[in-house]
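Subject: Two-chain model, handed over with notes

Dear colleague,

Please find below the model that I promised to pass on. My notes on what was found in it follow directly after.

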Amino acid sequence: MTESTPVLKHPMAKYIRSDRQPFIYCSGCSIGIVTGMIARAIDNLDLDITKTVIVSGIGCTGRTSGYFKTGTYHTTHGRAIAFAEGVKIANPELEVIVVSGDGDMAAIGGNHLIHACRRNIDMTVICINNFTYGMTGGQFGPTTEHERYSQTSPAPVGNIEHPFNLVKLAASSGAIFVARWTAVQARRATKSIEKGIQKEGFSFIEVIGACPTEYGRMNRFGDGVTMHKHLLEVAEIQNGLPPHEAELDYENRIVCGEFVNIEKPEYTAVLREMHKKLKE
Amino acid sequence: MPERVMFTMGDIACAEGALSAGARYFGGYPITPATEIAEWMSKRMPEVGGAYVQYEDEIASITSVIGASWTGVKSMTATSGPGVSLMLESVGLAVMTETPLVIVNIMRGGPSTGQPTRGQQGDIMQAKWGSHGDYQIIALTPASVQEMFDQTVQAFNLSEKFRTPVFVLADETVGHMRERLVIPDEKDLKLEYRKLPTVDPSEYLPFKADDDLVPPMGLFGSKYQFYATGLTHDERGYPSDKENVQIELVTRLNDKILKNSDQIIDLERFMLDDAKIAVISYGTPSRSAKKAIRDAREEGIKVGMLRLKTVWPFPEEQVAQLASEVDHIIVAEQNLGQVYYMVKAYASPTPVHLMAKPAGMPQLPHEILDKIKEIKSI
């Protein structure tokens, strides 16, 4: 070759550690798409990356933080939100974003999730829900639907348990902004992430994703493209719907939209007020 | 603030020591017999512009403390054995990501719920070996209200200097006893602060250590951006499954404590110069031992004490040296023998006798005196 081919650079590459490429994600996985959403939200809001902190826990989504050029931290399993709370309270000037998976956030970290919702510390939590523990090979988790197959819920019965609906969980725990989208609704999801970042308080955005390698394979959902097409087909946008009606039935109907958008005194703001009062 | 004198309890002295050391973040969960630290902090932290945060459990508490520390704020938690049991996974995370923080353990009776209102020294080995993997820890063992203050300051200094979690291991008796406390003028306190990077951000390697084996620490909100992970990582902070990376990292994390142990180990030699019998003790039992040794001296018995103000890293050389000077060593501790096994390992062939007491009342002076006489008659 004598002519050099022009190298096209991804517009979001400036936020990503290129020396850590390629991503560890399998082909057909949704996590890369959501990583892009977060980068775009940062870009659209023109956040100062030196004042932005991205935290994640353990698992496939848990690896996401490490690809960003912001301050990033990879915690122990389930503890991303607890870590992020310490960061935000100790330095309220920082923009704190947590991204982790359904197992990390709703099983081992479930207690931290509900209490952080209640406490209302300003942070944006993005949960990529792919209904399985992907990193460990596809076991059922806290969002796996009843009777679905996994490495630990084999045929003939499948999953004996019943799933959490994370929108309902976050809303009833006190989050001030709650949304759900699927990974294919990238523009809408990105907008919600931006809103979550801008809101002063605890924002929770669930992004329904596909794990074709494990969950999809075991439940015969097809490859990554097929799974994402399915998400588009069953996504039903119902902005403003009361959160307790935000049903998630993977086969037929995934209700998407922004369900909670309220105001409530934010933890670090109240703490600052307390500091002021004590000085007077 | 100028010098202040208080008549107060060990838990409160510990809280005041932390504030004097510059701690401005406390994440915790109420637990007997450490609750007074949390209560005191809930009032005092906001007064000094800091935060007292009460979490849903000890797991969240310690993890939030790690997060707060990465913003550059000196941070701590305080708990008791059951709480430490919950925290241990993230103690490993703090070790691995080289996060300065202080964990106060006001030790109560165990195992399990045990005797919450009774003291014990059952968590010595837990502090050292509780989290998985090979690592070193620093642990201080105060024996008075004043030491609760002084050694909490020291705990912060060591955590900052070596970028590592540090335990203050105080038995319940020390936590709850009331004594005179002198809080020195703040300008008389020598405080350490972690090294910060000075290189250009483009050249910053977040886990590349200096000659003292400690890397300068980039902070959230600074111009240095980094990835910190509990995974085995190289100097860039990037995860690696290579054997040499694992060996280099784990060796350095251990060596930064062991090779700097002369800056950490703190011992009191009490009447040891001509002693033929040495008592090794720490915390409340060491107070009984002092009285017993004075009484024994009056009866002409040449006995002294090596009091451990730090138990980790273990004073291997000092114990070996002591063993070469005396005929017998008695280890008096409020458990069924923990430091005893360490002493035995380094005192050999000098005989080591355990004076155990796995319950709330420490060994009394006359009991230790009886033991000294029994050993003398051998």
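With its 280 residues, chain A has a radius of gyration of 19 Å, which agrees with the value near 19 Å for a compact globule; the radius is taken over C-alpha atoms, and the globule rule is 2.2 Å times the number of residues to the power 0.38. Please bear in mind that this is a predicted model, in which local features need pLDDT of at least 70 and side-chain atom pairs count only at pLDDT 80 or more, whereas totals for chains, interfaces and linings use all residues. Residues are numbered from 1 along each chain as its sequence is written, chains are lettered from A and ligands numbered from 1 in the order in which they are written, and side-chain values use heavy atoms, with hydrogens and water left out.

The two chains. The C-alpha trace of chain A spans about 65 × 60 × 35 Å along its principal axes, and its secondary structure comes to 9 helices and 11 strands, where helices (H or I, at least four residues) and strands (E, at least two) are DSSP runs numbered from the N terminus. Chain B has 12 helices and 16 strands; its radius of gyration of 21 Å is close to the 21 Å that the globule rule gives for 378 residues, so chain B is as compact as a globular protein of that length. Its C-alpha trace spans about 70 × 45 × 40 Å along the principal axes.

The interface. Contact (heavy atoms within 4.5 Å) involves 41 residues of chain B and 39 residues of chain A. Together the chains bury about 3,100 Å², 59% of it on carbon and sulfur atoms; buried area is the accessible area (1.4 Å probe) that two parts lose on being put together, summed over both. Of the area that chain B buries against chain A, 21% is supplied by B:E56, B:F220 and B:Y227, more than by any other three residues.

Within the chains. Over all chains the count comes to 38 salt bridges. One of them is within chain A, between A:E206 and A:R180, whose closest N and O atoms are 2.9 Å apart; A:E206 lies in strand 8 (residues 202–208) and A:R180 in strand 7 (residues 177–182), so the pair ties together parts that are 26 residues apart in sequence.

Backbone geometry. In chain B, a cis peptide bond with omega of about 0° joins B:G110 and B:P111, the latter in the loop between strand 5 (101–109) and strand 6 (115–119). Another cis peptide bond, with omega of about 10°, joins B:S348 and B:P349, and B:P349 lies in the loop between helix 11 (339–347) and strand 16 (352–356). In chain A, A:N120 has a positive phi, near 60°, although the residue is not glycine.

Note on methods:
A salt bridge is a side-chain nitrogen of Lys or Arg within 4 Å of a carboxyl oxygen of Asp or Glu.
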